[in-house]
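Me: I would like to learn how the features of a structural model are read, one at a time. Please give the general idea in each case and then apply it to the example.

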Amino acid sequence: MNFLSPLASFLGMEVEHITDRIKHAVIINAAMALFGLAAAGFLVAAGFMALADQVGGIYAALFCAAAFAVLALTIYLGTRIAEARRKRAIAEKRRSSDTSAFLTTATLTALPVLLRSPMVRTLGLPAAAIAALWVISNGSDRKDD
């Protein structure tokens with residue numbers, strides 16, 4: 001917190017007030033989480049007892065174990081799918097940026113050779129300007145979707 005003191009005083013904030021608010025928020029949220037977990041535990045216990053009255057203790061325990069195993073497996077599979085999507089998106093961004101870098105390098109390398117020709121200067125430069133304008137305008141349209 002020592003490094004935040006000059007910044008906080010510069011912004012007109014009192015560090016003690018901020019740290020007190022953070023401490024109170026942490027304590028309150030921890031208490032809410034603790035009591036929420038206790039409530040969930042008693043809810044599971046009540047469901048187990050009600051199921052045990054209906055089908056017996058062994059079958060109720062097996063059913064509860066199977067239900068929690070299915071929930072754990074569902075969460076595991078969901079996280080694996082989300083991670084695979086995230087990695088695929090990162091790979092696509094990397095591939096796109098690599099392609100853009102390659103095309104830019106190739107264009108900049110070939111540009112001096114192409115500009116030596118009078119026909120390319122007369123016809124190619126306006127065509128390139130129109131193509132660039134088209135790419136820029138289409139790129140801004142796609143971002144709004």
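Me: Is G47 buried, partly exposed or exposed?

Reply: Buried means under 20% relative accessible area, exposed over 50%, and partly exposed in between (1.4 Å probe, protein chains only). G47 counts as partly exposed because its relative accessibility is 38%. This residue lies in helix α2, and its C-alpha atom is separated by 9.0 Å from that of C64, 17 residues apart along the chain. The structure is a predicted model, in which local features need pLDDT of at least 70 and side-chain atom pairs count only at pLDDT 80 or more, while totals for chains, interfaces and linings use all residues. Residues are numbered from 1 along each chain as its sequence is written, and side-chain values use heavy atoms, with hydrogens and water left out.

Me: What is the mean pLDDT of the protein chain, and which elements have the lowest and the highest values?

Reply: pLDDT is the predictor's confidence in each residue, from 0 to 100. The protein chain has a mean pLDDT of 84, and 86% of its residues reach 70 or more.

Me: How is the span of α3 read, and where does its kink lie?

Reply: The expected span of a helix is 1.5 Å times one less than its number of residues. With 59 residues, α3 reaches 86 Å from its first C-alpha to its last, close to the expected 87 Å. The bend at a residue is the angle between axes fitted to the seven residues ending there and the seven starting there. In α3 a kink of about 30° lies at T109, shortly before the proline P112.

Me: How many salt bridges are there, and why can their partners meet?

Reply: A salt bridge is a side-chain nitrogen of Lys or Arg within 4 Å of a carboxyl oxygen of Asp or Glu. The count by this rule is two. R86 and E83 meet at 2.6 Å, N to O, and in R95 and E92 the closest N and O atoms are 2.9 Å apart. R86 and E83 are three residues apart in helix α3, and therefore about one helical turn apart; the separation of R95 and E92 in α3 is likewise three residues, about one helical turn. An α-helix has 3.6 residues a turn, so residues three or four places apart point the same way. R86 is partly exposed at 43%, as is E83 at 29%. R95 is partly exposed at 47%, and so is E92 at 44%.

Me: Which residues make the nonpolar surface patch?

Reply: Patches are made of residues with over 30% relative accessible area and no salt bridge: like charges are joined within 9 Å, nonpolar side chains (Val, Leu, Ile, Met, Phe, Trp, Tyr) within 5 Å. Here V55, I58, Y59 and L62 make a nonpolar patch of about 460 Å². Its largest share, three residues, comes from helix α3 (residues 57-115). I58 has its place in that helix and is exposed, with a relative accessible area of 63%.

Conventions: Areas by Shrake-Rupley, 256 points an atom, 1.4 Å probe, with all protein chains shown as cover. Helix = DSSP H or I, 4+ residues; strand = E, 2+ residues; numbered from the N terminus.
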